[in-house]
There are 2 protein chains.
Amino acid sequence: MSNTQMLKGILDGCLLAIINEGEVYGYELAEKLESYGFQQTSEGTIYPLLIRMQKEEMVTTTLKKSTAGPRRKYYSLTPKGKNELQAFIERWNQLSHSVDQILQKRGSVK
Amino acid sequence: MSNTQMLKGILDGCLLAIINEGEVYGYELAEKLESYGFQQTSEGTIYPLLIRMQKEEMVTTTLKKSTAGPRRKYYSLTPKGKNELQAFIERWNQLSHSVDQILQKRGSVK
DNA sequence: CACAAATACCTTGCATTACAAGTTAGTGTT
DNA sequence: AACACTAACTTGTAATGCAAGGTATTTGTG
């Protein structure tokens with residue numbers, strides 16, 4: 001029951017949400033996630049996820065030169081990605097409501 | 001990005017929380033979860049999880065006769081289980097806060 | 001009694017996915 | 001050249017939810 005397991009199926013939705021705010025590149029996403037309070041979100045997690053989402057046509061990419069380092073691959077949401085984001089938000093709201101309801105009963109475990 | 005993935009690492013904490021309310025048996029847990037809004041929580045998910053939690057000394061069990069059907073295996077939290085529940089609650093609060101923060105920016109996807 | 005139906009528990013095998021650890025590559029600094 | 005930083009990617013592993021199937025016990029119906 002580690003922390004990492006709790007991210008399953010949640011991280012992709014969060015990536016979609018961040019990309020929806022505006023073009024970002026993978027490396028930047030890792031930093032943004034951390035700023036949002038996600039602990040150890042490694043690149044080994046994010047890059048495969050982005051590649052998968054591209055295959056599923058949730059996102060498109062464009063390469064742009066970087067001021068320092070190799071070219072950055074910027075991601076944008078496709079219409080399909082926006083639908084998926086909307087669906088994720090609904091699923092998340094439902095799940096978090098259910099969990100909160102279960103936990104709420106006792107604020108502390110005593 | 002199915003619904004089932006989102007339960008990973010969350011379901012066990014929810015089971016601990018429900019057991020903490022009072023003795024329950026496995027079959028009953030499946031029904032309670034459903035009443036809390038969890039969709040398809042099958043026994044194939046719950047029983048292995050309970051067995052694992054028993055091995056990890058989070059819960060203890062006692063067998064009692066049923067009015068109809070085979071004996072029920074009732075579960076109770078151990079002190080270790082209560083600690084784990086508390087830890088789960090903290091992790092959940094942190095995670096759900098982070099996700100809400102990311103999603104909050106735009107109530108709709110536009 | 002034979003049979004069905006409901007209750008209750010358990011097992012097997014599979015698919016998904018987060019992540020550590022390592023690799024490749026470009027740019028700038030010492 | 002050597003190093004540091006940025007940036008993307010790959011490989012292999014571990015955790016775990018779940019469908020599908022199986023077993024056992026009790027009650028009710030014909």
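Let's start at the DNA: the surface near DNA strand D divides into 15 nonpolar, 14 polar and six charged residues. Here "near" means that the C-beta atom of a residue, placed from the backbone, lies within 6 Å of the strand. In these classes, Ala, Val, Leu, Ile, Met, Phe, Trp, Tyr, Cys and Pro count as nonpolar, Asp, Glu, Lys and Arg as charged, and the others, Gly among them, as polar. Please keep in mind that this is a predicted model, in which local features need pLDDT of at least 70 and side-chain atom pairs count only at pLDDT 80 or more, while totals for chains, interfaces and linings use all residues. Residues are numbered from 1 along each chain as its sequence is written, and chains are lettered from A and ligands numbered from 1 in the order in which they are written.

**Layout of chain A**

- Chain A has four helices and three strands; helices (H or I, at least four residues) and strands (E, at least two) are DSSP runs, numbered from the N terminus.
- Reading from the N terminus, the order of elements in chain A is α-β-α-α-β-β-α.
- The C-alpha trace of chain A spans about 55 × 30 × 20 Å along its principal axes.

**Around the DNA strands**

- DNA strand D has 35 residues around it, and those that come nearest are Tyr25(A), Tyr27(A), Gly69(A), Thr4(B) and Gly44(B).
- Two or more residues of the surface near DNA strand D come from each of H2, H3 and strand E3 (72–77) of chain A, and from each of H1 and H3 of chain B.
- H3(A) gives the most to the surface near DNA strand D, namely six residues.
- DNA strand C is surrounded by 34 residues, the closest being Gly44(A), Tyr25(B), Gly26(B), Tyr27(B) and Gly69(B).
- For DNA strand C, the elements giving two or more residues are helix H1 (11–21) and H3 of chain A, along with helix H2 (26–35), helix H3 (43–55) and strand E3 (72–77) of chain B.
- The surface near DNA strand C has 14 nonpolar, 14 polar and six charged residues.

**How the two chains meet**

- Chain B is superposed on chain A by a rotation of 180° with 0.0 Å of shift along its axis, with an RMSD of 0.1 Å.
- The two copies are thus related as by a two-fold rotation axis; the superposition is by least squares on the C-alpha atoms of residues with pLDDT of at least 70 in both.
- Lys8(B) is the residue of chain B that comes closest to the rotation axis, with its C-alpha at 3.0 Å.
- In the interface, 36 residues of chain B are in contact with 36 residues of chain A, where contact means that the C-beta atoms of two residues, placed from the backbone, lie within 7 Å.
- On the side of chain B that touches chain A, helix H1 (11–21) and helix H4 (79–104) of chain B are the elements that give two or more residues.
- H4(B) gives the most to this side, with 17 residues.
- By class, the side of chain B that touches chain A has 17 nonpolar, 12 polar and seven charged residues.
- The copies meet through the same surface, because 100% of the interface residues of chain B are also interface residues in chain A.

**Helix packing**

- In chain A, the axes of helix H2 (residues 26–35) and helix H3 (residues 43–55) come within 10 Å and cross at roughly 125°; axes are lines fitted to C-alpha atoms, for helices over the stretch in contact, and angles run from 0 to 180 degrees between N-to-C directions.
- H2(A) and H3(A) are therefore oblique to each other, since angles under 35 degrees count as roughly parallel, over 145 as roughly antiparallel, 65 to 115 as roughly perpendicular and the rest as oblique.
- On the H2(A) side, Gly26(A), Leu29(A) and Ala30(A) meet Glu43(A), Ile46(A), Tyr47(A) and Leu50(A) of H3(A).
- The residues of this contact of H2(A) with H3(A) are five nonpolar, one polar and one charged.
- H1(A) and H3(A) pack at an angle of about 75°, their axes being 11 Å apart.
- That makes H1(A) roughly perpendicular to H3(A).
- Leu11(A), Asp12(A) and Leu15(A) of H1(A) meet Thr45(A), Leu49(A) and Met53(A) of H3(A).
- The contact of H1(A) with H3(A) has four nonpolar, one polar and one charged residues.
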